[in-house]
Amino acid sequence: MMNFKDRSVIVTGGTRGIGRAIGTAFAAAGARVVISGRNGETAAQVASQIDGEVHGLALDVTNADSVQNFFSAALEILEGLDVVVANAGITRDKLVMALKDEDWDEVLDTNLKGAFLCVREAVRPMIRNRSGRIIAVTSVIGLTGNPGQGNYAASKAGLIGLVKSLAQEVASRNITVNAVAPGMIDTDMLADLPEKARQVLIERIPAGRPGTVEEVAGTVLFLASDAASYVTGEVIRVDGGLAC
Ligand code: NAI
């Protein structure tokens, strides 16, 4: 059920971290994959380092023209589209009273409007094919909120609203739309924290450790697989119990 041979997959923000692990896992499962990076050369370079059929293209999800160009190029390369993973995201953390307009706009434009623009491009060919899987990478912060992350929490909560609405719109077309909500995942972001701060955060996780990017990728592949054909409008936490 986890065989993606000849399936066409797009992963936005696939040059590092969680997105790269998702692209790598799909390629290892036999899919043809396009990953994006803000810089096309970097995306192509990363794609060439991943085993399997992986292509790298430039994409800025905050720019509607870039999104359109990316999807038309990706669909041509892949000759179709079975799965899209809207993973690109950023943080600009500050207490709400200190947030500047641009901190709010950048995060909402990338995490929420950017995901909307990508999902809108993806769903059209899927509706024509009467088949597709859409998976958004949200965050447990979108479920619980977090001091210092009001803009990020709003963007990720908004993404869950988008997922649940679209799921109901396209369920009759054999398209599922779901979200994964990672908790604290061992990426560059976490590695850069001072050891003490890292330990304080880890103590809050019932599993007693951060998650790995591969654990997030595994849940994304499940949602894209035949095993999840009747799962839609769902948000699956991948957080070691953090937001139980
Ligand atoms: P990362 O910073 O390593 O990767 C983010 C990716 O998004 C990069 O490839 C970057 O180029 C891309 N990106 C950013 N702005 C973009 C734009 N305007 N256009 C196109 N691509 C853009 O971050 P990480 O940790 O891998 O996060 C991936 C996703 O997972 C994000 O949506 C993040 O919010 C979410 N997440 C991460 C968690 C963690 O602990 N690392 C926890 C919960 C959610």
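Which of the 26 residues around the ligand come nearest? They are Arg16, Ile18, Val61, Asn87 and Tyr152. A residue is near a molecule if one of its heavy atoms lies within 4 Å of it. This is a predicted model: local features need pLDDT of at least 70, side-chain atom pairs count only at pLDDT 80 or more, and totals for chains, interfaces and linings use all residues. Residues are numbered from 1 along each chain as its sequence is written, and side-chain values use heavy atoms, with hydrogens and water left out.

**Shell around the ligand**
- The shell residues divide into 11 nonpolar, 11 polar and four charged. Here Ala, Val, Leu, Ile, Met, Phe, Trp, Tyr, Cys and Pro count as nonpolar, Asp, Glu, Lys and Arg as charged, and the others, Gly among them, as polar.
- Helix 1 (17-28) and helix 6 (150-170) each supply at least two residues of this shell. Helices are DSSP runs (H or I, at least four residues), numbered from the N terminus.

- A polar contact is a pair of N or O atoms within 3.5 Å.
- Tyr152 places a polar side-chain atom 2.5 Å from a ligand oxygen atom.
- Asn87 has a backbone N or O atom 2.7 Å from an oxygen atom of the ligand.
- For Ile185, a polar backbone atom lies 3.0 Å from a ligand oxygen atom.
- On its own the ligand has 820 Å² of accessible area (Shrake-Rupley method, 1.4 Å probe). The protein covers 91% of that area.

**Cysteines**
- The count of disulfides (pairs of cysteine sulfur atoms within 2.5 Å) is zero.
- Cys118 is buried (under 20% relative accessible area), at 1%.
- Cys244 is exposed (over 50%), at 81%.

Methods. Polar contact = N/O pair within 3.5 Å; in protein donor to acceptor, adjacent residues only side chain to side chain. Buried < 20%, exposed > 50% of the residue type's maximum accessible area, 1.4 Å probe, protein only.
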